Amino acid sequence: MASTAIEQISQQIGISSSFLIPIVVRCDRYYNAYYIPKHSTQLRRIEAPNVTLKAIQRWILLNVLEKLPVSDRAQGFVRERGIRTNATYHLGKRYLLIIDIKDFFPSIGIDKVLDVFLQATNNEDIAKIYSMLCTFQNRLPQGGVTSPIISNLVFRSTDERIIDLCNRMHITYSRYADDMTFSSNDFQTLKQIYNQVKEVIESAGYKMNINKTRYCSGKNRMLVTGLRLNSGNLTTGRERKRTIRAALYNHIIKNDETVNVNHVLGQIAFIRGIEDDYYSKIQRYVSKLRPTSST
């Protein structure tokens, strides 16, 4: 580990080199691993940095990584992009192909992370230190502050290969983290591109989650990152709205104190961000409930 690089990074972050060196050398010890529900029968392992390492990673995120360009089709973990912009790419298309990358973050090893920091710093010693600070057991941790943006930066070259392939076949492509969406008005074209995309993904060192690969058409639910496209407009679906109305009814009419009002308001704000007219609709619903509750 080059002392000059350590000194330079320490000065930029605003900490002493004697404080930084043990973190770099024993970085894995600064993570806490735990599990959260992924599906009804599965768990997702999270490897989260502790407060000290989290602060250092946040500095790296803001001062190094966010200065690098990502693909315009990467919609997750990018400012002013998200599930709405991701789904908007595919509005008006008759058919969808959804592909999921298996174990996306853990598939990104420290060698790929190093390439990102070499691009950012043009200094091998500094790039190695940054890579060590942003990886866990020589791979990208699920839970690291810098992991999402690093995944986009690492995958950029693969994104560009897929974009070029899709442009030649007149297919629309977007990606939200490990969730890749392809759309077309020609179902046969989507079927043809599948094996070519699979080859690109696997040649880059990733694996597709075959169990999550699916085709959709207007005859069934057209879902892209949880948003429905069937009506020609983006909607969040009826179930979430029914849950919100039920919670509001219980809170206003039944005075149910177990209702988590902040959660309900958060859900309303989420839907409002997708459906512009939803807030006025929920206001009218609440106004109908209130006179009833005062009698």
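User: Where does Leu-133 lie?

Analyst: Helices here are DSSP runs of H or I with at least four residues, strands are runs of E with at least two, and both are numbered from the N terminus. Leu-133 lies in helix H6. This is a predicted model, where local features need pLDDT of at least 70, side-chain atom pairs count only at pLDDT 80 or more, and totals for chains, interfaces and linings use all residues. Residues are numbered from 1 along each chain as its sequence is written, and side-chain values use heavy atoms, with hydrogens and water left out.

User: Is Leu-133 buried or exposed?

Analyst: Start with the cut-offs. Buried means under 20% relative accessible area, exposed means over 50%, and partly exposed is in between (1.4 Å probe, protein chains only). Leu-133 has 0% relative accessibility, so it counts as buried.

User: Which residues is Leu-133 in contact with, leaving aside neighbours within four places in sequence?

Analyst: A contact means heavy atoms within 4.5 Å. Leu-133 touches Leu-20, Ile-23, Val-24, Cys-27, Tyr-31, Leu-53, Ile-56, Gln-57 and Ile-60. Val-25 is 108 residues away from Leu-133 in sequence, yet their C-alpha atoms are 9.0 Å apart.

User: Which residues of H3 are buried?

Analyst: The general idea comes from helix geometry. An α-helix has 3.6 residues a turn, so residues three or four places apart point the same way. In H3 the buried residues are Leu-53, Ile-56, Gln-57, Trp-59, Ile-60 and Leu-61. Among the contacts of Leu-133 are Leu-53, Ile-56, Gln-57 and Ile-60.

User: How do I check the span of a helix?

Analyst: The expected span is 1.5 Å times one less than the number of residues. H3 covers residues 51–63, 13 residues in total. Its first and last C-alpha atoms are 18 Å apart, close to the expected 18 Å. Helix H7 (residues 147–168) has 22 residues and should span 32 Å; its end C-alpha atoms are 31 Å apart, which agrees.

User: Where is the kink in H7 centred?

Analyst: A bend at a residue is the angle between axes fitted to the seven residues ending there and the seven starting there. In H7 there is a kink of about 50 degrees, centred on Arg-156. After H7 comes His-170, with a positive phi near 55 degrees.

User: Which phi does Gln-137 have, and where is Gln-137 found?

Analyst: Gln-137 is not a glycine, but its phi is positive, about 55 degrees. Gln-137 is in the loop between helix H6 (124–133) and H7. Its relative accessible area is 46%, so Gln-137 is partly exposed.

User: What about Thr-225?

Analyst: Thr-225 is also a residue other than glycine with a positive phi, near 45 degrees. The loop between strand E8 (223–224) and strand E9 (227–228) holds Thr-225. At 18% relative accessibility, Thr-225 counts as buried. Leaving aside neighbours within four places in sequence, Asp-179 is in contact with Thr-225, Ile-98, Ile-99 and Ser-174.

User: How many helices and strands are in the chain?

Analyst: The chain has 11 helices and 9 strands. Of its 295 residues, 45% count as buried. The C-alpha atoms fill a box of roughly 75 × 55 × 35 Å along the principal axes. Among contacts with a separation of 6 or more, 68% join residues 24 or more positions apart.
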